Amino acid sequence: KLPLGTATRVELPSDGTRESRYLLCAPITTLNHLRFCTTHLTPKIADGHNRRQVNKVFQTLENYYERGDTVIVTGDFNTEPNAASMDAVYAPGVNTPNNRNNHGNYRELDDNDAAHCRGYGQATGQYASGGACGNGRKIDYIFVRANRVVWSANTPYTASARALNRNCGAGNNELCSDHRMLTGRVTVKIER
């Protein structure tokens with residue numbers, strides 16, 4: 001809803017394919033030191049390519065933080081919250097039976113959702129099986145650094161995965177995407 005400035009594009013480590021992947025980040029022009037980023041990471045998990053991309057994304061966000069920016073990052077990370085590669089992303093306050101060993105700096109806007117899967121969040125894929133609670137896999141996220149989230153009963157952070165849209169294709173009954181749209185709400189601190 002707010003105007004974006006010129007985006008910077010950070011190339012992520014290659015996954016060995018011809019497709020390059022990036023982290024795109026743009027400042028909010030009307031709010032100094034607030035930045036919005038998005039990405040789509042490789043699904044290649046077993047060989048460490050996804051982990052290297054996750055690390056590069058959050059290393060870049062930490063660089064913005066060190067310069068005084070508050071960053072909201074969204075995207076398809078192609079890995080689940082309870083994957084070992086995400087332990088260095090999620091803040092320790094997210095540690096639950098569904099997502100353990102976290103030692104990072106970030107909260108995901110759906111990580112406090114007890115109705116679906118506390119510490120893990122709602123499924124964002126098309127299937128209702130798998131994932132930490134058996135309700136489906138989560139691979140799409142909205143992250144904010146934990147110390148930038150305003151914490152109070154009146155300003156909770158939240159996210160919700162919307163139903164899959166089936167208004168596409170010739171008969172208007174095909175899936176428009178194999179991901180559920182994730183929307184969220186958070187109040188953040190902007191310092192400096």
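Start by selecting Phe-58, Phe-77, Tyr-90, Tyr-106, Tyr-141 and Phe-143, which ring pairs join into a cluster. The model is predicted. Searching the whole structure gives eight aromatic pairs.

Next, select Trp-151 and Tyr-157. This aromatic pair is also edge-to-face, with 5.4 Å centre to centre and 90° between the planes. Trp-151 is partly exposed, because its relative accessibility is 48%. Tyr-157 has a relative accessible area of 10%, so it counts as buried, the cut-off being under 20%.

The charged end of Lys-138 sits over the Tyr-141 ring, 5.4 Å from its centre. For another charge over a ring, select Arg-9 and Tyr-22: the charged end of Arg-9 is 4.1 Å from the centre of the Tyr-22 ring.

From Lys-138, move to Ala-123, which is in contact with it. Ala-123 is placed in the loop between β5 (106-108) and β6 (140-145). Its relative accessible area is 12%, so Ala-123 is buried. Beyond neighbours within four places in sequence, the contacts of Ala-123 also include Asn-135, Gly-136, Arg-137, Ala-161 and Arg-180. Finish by displaying the C-alpha atoms of Ala-123 and His-179: they are 9.0 Å apart, while the two residues are 56 residues apart along the chain.

Notes
Residues are numbered from 1 along each chain as its sequence is written. This is a predicted model: local features need pLDDT of at least 70, side-chain atom pairs count only at pLDDT 80 or more; totals for chains, interfaces and linings use all residues. Side-chain values use heavy atoms; hydrogens and water are left out. Helices (H or I, at least four residues) and strands (E, at least two) are DSSP runs, numbered from the N terminus. Buried means under 20% relative accessible area, exposed over 50%, partly exposed in between (1.4 Å probe, protein chains only). Contact means heavy atoms within 4.5 Å. Rings of Phe, Tyr and Trp (its six-membered ring) pair if their centres lie within 6.5 Å; planes under 30 degrees apart count as stacked, over 60 as edge-to-face and the rest as tilted. A charge sits over a ring if NZ of Lys or CZ of Arg is within 6 Å of the ring centre and within 35 degrees of the ring normal.
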